[in-house]
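Let's learn to read a few features together, one at a time. Take a look at the model first.

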Amino acid sequence: MVKRFLAAFVALVILVVGVYSWQTWRNNRDVSPVERQQILASFEAAVGWFEDNREKILQTDNPALWWMVQQAANLTGDARLLELFDSYHERYMGAQRRSYWRLLFNKNGWVPVHYEQIESLDDYQQLFIYAVTCDSDLANVALISAQLDPSWCDAYPFSPSCVTHQLVGLHLMQERKCGDVAQTRAAIEILQMRVRDQLVWDPRLLDPYLQRVLMLLQTGAAELIKPVWLRRVADGIQEDGGWPPTRLIMDLPGKNDLIFTRNFIGLGRSKSSFHTTAQGLLIMAHLLGNQ
């Protein structure tokens, strides 16, 4: 009985290692660059997804996602995205003249903020607020200042988006020349390499994968991106024009399928989401501008 169990366990380990090795090879193989025609087709499909889901996403007040829409609109000059972003901005920011999130969309300006207003936010969101306000009092908050250290995410090895979230915050600081410019640049360069390593060793085409590719593009490190990663993102678009946060492994009877999730494997449906599609859209916008 014990021998059978050990044999089955060894066989399972060999299978898992074999599948992972194949997926990792596939994720890092040499391929030709993605053609501009495919990039443009993916961009148009993504814009179509936003138009089809306009009313639903306009009910979502997530400034970080709308910042991505704004960035994509500015990079491409696409009138549809510009109008969509303006509709969001008027709906949520128009009546909030003193909202610190307004500064995410406008680099020029100032809004007073006290830490008590943001202490309930996630750690990376607090970093974002410091980055866009460059408030000297926030700079002295331990939770915020600790995130300026590129080793911050070492304490969170099972948080797949920790490094990219930190990189967003440092990027916003760099854009606004907030804090020690040289220190911020050095930290960004370290995190760019960590993101590249994550892309090498985590082949799952999930939300964090797109986020990693996006942040290398957003922070000016396109040279670190392998063509296969861009091809996988472009090929990963759904029929509806969006990108899902999870990936289908196997169709199962009933309401749920076997899927890859952020934490590994689970049951559910792989459907396009605002969060992942905003990232895919901005990736395509960057690629259109770089070709």
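**Salt bridges, core and helix packing**

Q: Which residue forms a salt bridge with D154?

A: In general, side chains of opposite charge can pair when their charged atoms come close. Here D154 pairs with R194, and their closest N and O atoms are 3.0 Å apart. A salt bridge means a side-chain nitrogen of Lys or Arg within 4 Å of a carboxyl oxygen of Asp or Glu. D154 sits in the loop between α10 (142-145) and α11 (162-175) and R194 in helix α12, so the pair ties together parts 40 residues apart in sequence. Helices are DSSP runs (H or I, at least four residues), numbered from the N terminus.

Q: What should I know about the model itself?

A: This is a predicted model, where local features need pLDDT of at least 70 and side-chain atom pairs count only at pLDDT 80 or more, while totals for chains, interfaces and linings use all residues. Residues are numbered from 1 along each chain as its sequence is written, and side-chain values use heavy atoms, leaving out hydrogens and water.

Q: How many salt bridges does the structure hold?

A: There are 11. One of them joins the side chains of E35 and R231 (3.7 Å, N to O). E35 is in the loop between α1 (2-28) and α2, and R231 is in helix α14 (residues 227-235), so this pair ties together parts 196 residues apart in sequence.

Q: Is R231 buried or exposed?

A: Buried, at 15% relative accessibility. Buried means under 20% relative accessible area, exposed over 50%, and partly exposed in between (1.4 Å probe, protein chains only). E35, at 41%, is partly exposed.

Q: Which residues touch the most other members of the largest nonpolar core?

A: Nonpolar side chains tend to be buried together in soluble globular proteins. A nonpolar core is a set of buried Ala, Val, Leu, Ile, Met, Phe, Trp, Tyr and Cys residues joined through side-chain atoms within 4.5 Å. Here the largest core has 82 residues, and those touching the most other members are F50, W66, V213, V233, F274, I283 and M284. Helix α15 (residues 274-290) gives the most to this core, nine residues.

Q: At what angle do α2 and α5 pack?

A: Axes are lines fitted to C-alpha atoms over the stretch in contact, and angles run from 0 to 180 degrees between N-to-C directions. Helix α2 (residues 36-52) packs with helix α5 (residues 79-93) at about 35°, their axes 10 Å apart. F43, E44, V47, F50 and E51 of α2 make the contact with R80, L81 and L84 of α5, contact meaning heavy atoms within 4.5 Å.

How values were computed
Helices (H or I, at least four residues) and strands (E, at least two) are DSSP runs, numbered from the N terminus.
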